Amino acid sequence: MLAITERAIRASFVNCTQGEAKRLAVPNDLETRPWSDLDFLGWRDPAATQRAYLVAESDTGLVGVALRVAPQQTGRVRRSMCSLCLTTHTGDGVALMTARKAGRDGRQGNSVGAYICSDLACSLYLRGRKEAGRRIDETITLAEKVERTTNTLTAFLRKVIE
């Protein structure tokens, strides 16, 4: 992914108003992000743990979505798998994240969801730059894993937009 600016991030959101996009918490460390290792930019809102954001490149430009993080169930230890990068985590390493659909469907309360790494660091798990949980042993190349992840993300974003 190419480095992006705060202004480009705010302009990319498709499922919130311009005012909401203007107020959302953008990461302070954009200059130091490992852009060459990222397939998308994802982050949690430090002031509101139930909010997360994701920005990805598409054929039509940047697409940003605001996500709501479902509360974690407590009590039993479980193992969950991220639907994007296929990394398994124990405990709260994977969360159900829902995105309000764009346009009229979103205004009517419709949303789509996916189980995603809680820290949105899928790209770093794929490349072995961050360790957590386990990765499934696969015989495909890193490029094929990245392509699968970006295709899955593109399909999710398409559901938000359509």
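Reader: Which elements supply at least two residues each of the lining of the largest pocket?

Author: α2 (18-23), β2, β3 and β6 each do that. Helices here are DSSP runs of H or I with at least four residues, strands are runs of E with at least two, and both are numbered from the N terminus. Before we go on: this is a predicted model, where local features need pLDDT of at least 70, side-chain atom pairs count only at pLDDT 80 or more, and totals for chains, interfaces and linings use all residues. Residues are numbered from 1 along each chain as its sequence is written, and side-chain values use heavy atoms, with hydrogens and water left out.

Reader: What makes a space a pocket rather than a cavity?

Author: It comes down to a 1 Å grid over the protein atoms alone: a cavity is a set of points where a 1.4 Å probe fits but cannot get out, whereas a pocket is an open set with protein on both sides within 12 Å along at least five of seven lines. Lining residues have an atom within 4 Å of a point. By that count 15 residues line the largest pocket, and Glu20, Arg51, Ala66, Arg68 and Arg100 lie nearest its centre. Its space comes to about 370 Å³, where the volume is what probe spheres set on the points fill, with grid points joined across faces, edges and corners.

Reader: How does the lining of the largest pocket divide into nonpolar, polar and charged?

Author: Six nonpolar, three polar and six charged. Nonpolar covers Ala, Val, Leu, Ile, Met, Phe, Trp, Tyr, Cys and Pro, charged covers Asp, Glu, Lys and Arg, and the others, Gly among them, are polar. The second largest pocket, at about 310 Å³, has a lining of six nonpolar, four polar and five charged residues.

Reader: Why is Ser111 called partly exposed?

Author: Buried means under 20% relative accessible area and exposed means over 50%, with partly exposed in between (1.4 Å probe, protein chains only). Ser111, in strand β7, has 44% relative accessibility, so it counts as partly exposed. Tyr115, also placed in β7, is at 46%, so the label is partly exposed there too.

Reader: Which residues is Ser111 in contact with, leaving aside neighbours within four places in sequence?

Author: Contact means heavy atoms within 4.5 Å, and on that basis Ser111 meets Thr98, Ala99, Arg100 and Lys101.

Reader: What makes a set of residues a nonpolar core?

Author: They have to be buried Ala, Val, Leu, Ile, Met, Phe, Trp, Tyr or Cys residues, joined through side-chain atoms within 4.5 Å. The largest such core has 45 residues, and Ile9, Phe13, Leu41, Leu54 and Leu67 touch the most other members. Elements giving two or more residues to this core include β1 (41-44), β7 (111-117) and α5 (142-161). Leu67, not counting residues up to four places away in sequence, touches Leu54, Met97 and Phe156, among others.
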